[in-house]
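Subject: Structure for your review

Dear colleague,

I am handing over the structure below, together with an account of what was found in it. Please read the notes with the structure open beside them.

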Amino acid sequence: MNQRDRLHNYLKRHGEISWDTALSELQIYRLSARIGELRNKGHKIETVHYSKPHVTRYILRSASNG
């Protein structure tokens, strides 16, 4: 299973992910690139930035039908 598929499965199970979780649990260093690939496939993924602590989370809003 490739990184994109592992990420998609994780998002379906948990609903969201941050970079540190992607790195520690999925061994994905370039999370934003994989998120971009999922978006290009039609998945609706929201980006939320928090300033304290500085964290970016990606939240799966809906999945592609295809």
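Which residues have the most contacts inside the largest nonpolar core? They are L7, L11, I17, L31, I35 and I45, in a core that has 13 residues; a nonpolar core here is a set of buried Ala, Val, Leu, Ile, Met, Phe, Trp, Tyr and Cys residues joined through side-chain atoms within 4.5 Å. At least two residues of this core come from each of α1 (3–14), α2 (19–26), α3 (31–40) and β3 (55–62).

Before going further, please note that this is a predicted model, in which local features need pLDDT of at least 70 and side-chain atom pairs count only at pLDDT 80 or more, while totals for chains, interfaces and linings use all residues. Residues are numbered from 1 along each chain as its sequence is written, and side-chain values use heavy atoms, with hydrogens and water left out.

As for the overall fold, the chain has 3 helices and 3 strands, where helices (H or I, at least four residues) and strands (E, at least two) are DSSP runs numbered from the N terminus, and their order along the sequence is α-β-α-α-β-β. The radius of gyration, taken over C-alpha atoms, is 11 Å, close to the 11 Å that the globule rule (2.2 Å times the number of residues to the power 0.38) gives for 66 residues, so the chain is as compact as a globular protein of that length. Along the principal axes, the C-alpha atoms fill a box of roughly 35 × 20 × 20 Å.

Among contacts in the chain between residues at least 6 apart in sequence, 38% join residues at least 24 apart.

The charged side chains deserve a separate look. A salt bridge is counted where a side-chain nitrogen of Lys or Arg lies within 4 Å of a carboxyl oxygen of Asp or Glu, and by this rule the count comes to 4. One of them joins E37 and R4, at 3.6 Å from N to O; E37 lies in helix α3 and R4 in helix α1, so the pair ties together parts that are 33 residues apart in sequence. E37 is partly exposed, with a relative accessible area of 26%, and R4 is likewise partly exposed, at 23%.

E37 also forms a salt bridge with R34, the closest N and O atoms being 3.0 Å apart. R34 and E37 both lie in helix α3, 3 residues apart, or about one turn of the helix, and R34 is buried, with a relative accessible area of 13%. Through shared partners, salt bridges join R4, R34 and E37 into one network.

A further salt bridge, between R57 and E16, is 3.6 Å from N to O, and the pair links distant parts of the chain, with R57 in strand β3 and E16 in strand β1 (residues 16–18), 41 residues apart. R57 counts as partly exposed at 27% relative accessibility, as does E16 at 32%.

With best regards

Technical notes
Buried < 20%, exposed > 50% of the residue type's maximum accessible area, 1.4 Å probe, protein only. Contact = heavy atoms within 4.5 Å.
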